[in-house]
Amino acid sequence: MLKVSAIITAAGKNSRMRKDQMERNIPLQNKLTLPFNSSTIIETTIANVLNTDNIDECIVVLGHFSDEILPLINKIDDSRLKIIENDPVDVGLSVSLLNGLSCINSDIALCVTGDQPTVSTKTFNSILDCILKFENPKNTISILRRLKTGKLDTAEGLGMPFAASRLELIDYLKGKDDNLNPILREMFSDGFDFYGIEEDNPLELININTYSEYESIL
């Protein structure tokens with residue numbers, strides 16, 4: 001049985017949310033700490049990941065605004081949950097993900113961003129079920145679809161959440177300080193098989209970058 005760990009990146013600058021809040025005269029608040037259901041965005045994301053089958057450990061990567069986010073994570077009582085902080089903090093998403101991957105020794109990594117509370121445990125299970133059905137998923141990536149489902153003919157527009165071989169992903173992230181899509185496109189060009197997984201709910205496809213997007217999912 002392949003071992004699975006989860007990496008949740010929660011280290012961003014929150015710049016688009018802050019810009020939208022300032023333009024609308026809304027009090028500034030990091031998007032991960034905004035209320036969602038009966039808790040917050042980051043707590044809901046973590047809960048959905050921890051409730052996913054086969055998760056042996058979950059690493060949350062902090063950076064910017066860690067002093068605001070950490071108290072919420074510390075409320076979660078689960079021995080599988082571990083927290084690391086980027087040093088330095090001003091790095092791209094690829095560095096945050098690499099820092100998280102460097103702290104685990106699993107075969108498969110489920111990679112999630114902290115602002116994805118709408119992605120259900122059911123969808124995370126579907127992503128993992130897809131990659132774990134392969135005896136040797138070394139060159140396979142199972143990812144929440146943006147357009148098509150099934151085996152994909154392009155990696156354009158794709159991002160987290162996805163599941164991939166930890167070691168293969170580390171190789172592609174080393175030396176990069178970038179957003180994720182260019183790296184996924186490189187992996188696709190090198191022959192990785194991408195499988196798009198259908199969402200459980202249309203809200204799972206909405207990114208929460210602005211306050212308007214946050215309002216649209218409530």
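**View 1. An open sheet of eight strands, with mixed pairing, has the order β5-β4-β1-β6-β9-β7-β10-β8.** β5 (81-85) and β8 (150-151) stand at the edges with a single partner strand each, so one side of each is left without a neighbour in the sheet. Strands here are DSSP runs (E, at least two residues) and helices likewise (H or I, at least four residues), numbered from the N terminus; two strands pair if DSSP finds at least two bridges between them. The model is predicted: local features need pLDDT of at least 70 and side-chain atom pairs count only at pLDDT 80 or more, while totals for chains, interfaces and linings use all residues. Residues are numbered from 1 along each chain as its sequence is written, and side-chain values use heavy atoms, with hydrogens and water left out.

**View 2. Strand β7 (residues 140-144) pairs with strand β9 (residues 162-165) in the antiparallel sense.** Three bridges join β7 and β9. I141 stands opposite A164 in β9.

**View 3. Helix α2 (residues 41-50) lies across β1 (4-10), β4 (55-62), β5 and β6 (108-113).** The helix runs at about 170° to β1. Axes are lines fitted to C-alpha atoms, for helices over the stretch in contact, and angles run from 0 to 180 degrees between N-to-C directions.

**View 4. N125 lies in helix α5 (residues 121-132).** N125 is buried (under 20% relative accessible area, with a 1.4 Å probe and protein chains only), its value being 15%. Not counting residues up to four places away in sequence, N125 touches T52 and D53; contact means heavy atoms within 4.5 Å. A polar atom of the N125 side chain lies 2.9 Å from the backbone nitrogen of D53.

**View 5. The axes of helix α6 (residues 166-173) and helix α7 (residues 181-189) come within 10 Å and cross at roughly 115°.** That makes α6 roughly perpendicular (65 to 115 degrees) to α7. The crossing of α6 past α7 is right-handed, the near helix being turned clockwise from the far one by less than a right angle. L169, Y172 and L173 in α6 meet I183, E186 and M187 in α7.

**View 6. I206 is placed in the loop between β10 (193-197) and α8 (211-217).** With a relative accessible area of 29%, I206 is partly exposed, a class that falls between buried, under 20%, and exposed, over 50%. I206 touches S216 and I217, not counting residues up to four places away in sequence. I206 and T118 are 88 residues apart in sequence, and their C-alpha atoms are 8.3 Å apart in space.

Definitions and conventions. Polar contact = N/O pair within 3.5 Å; in protein donor to acceptor, adjacent residues only side chain to side chain. Parallel < 35°, antiparallel > 145°, perpendicular 65-115°, else oblique.
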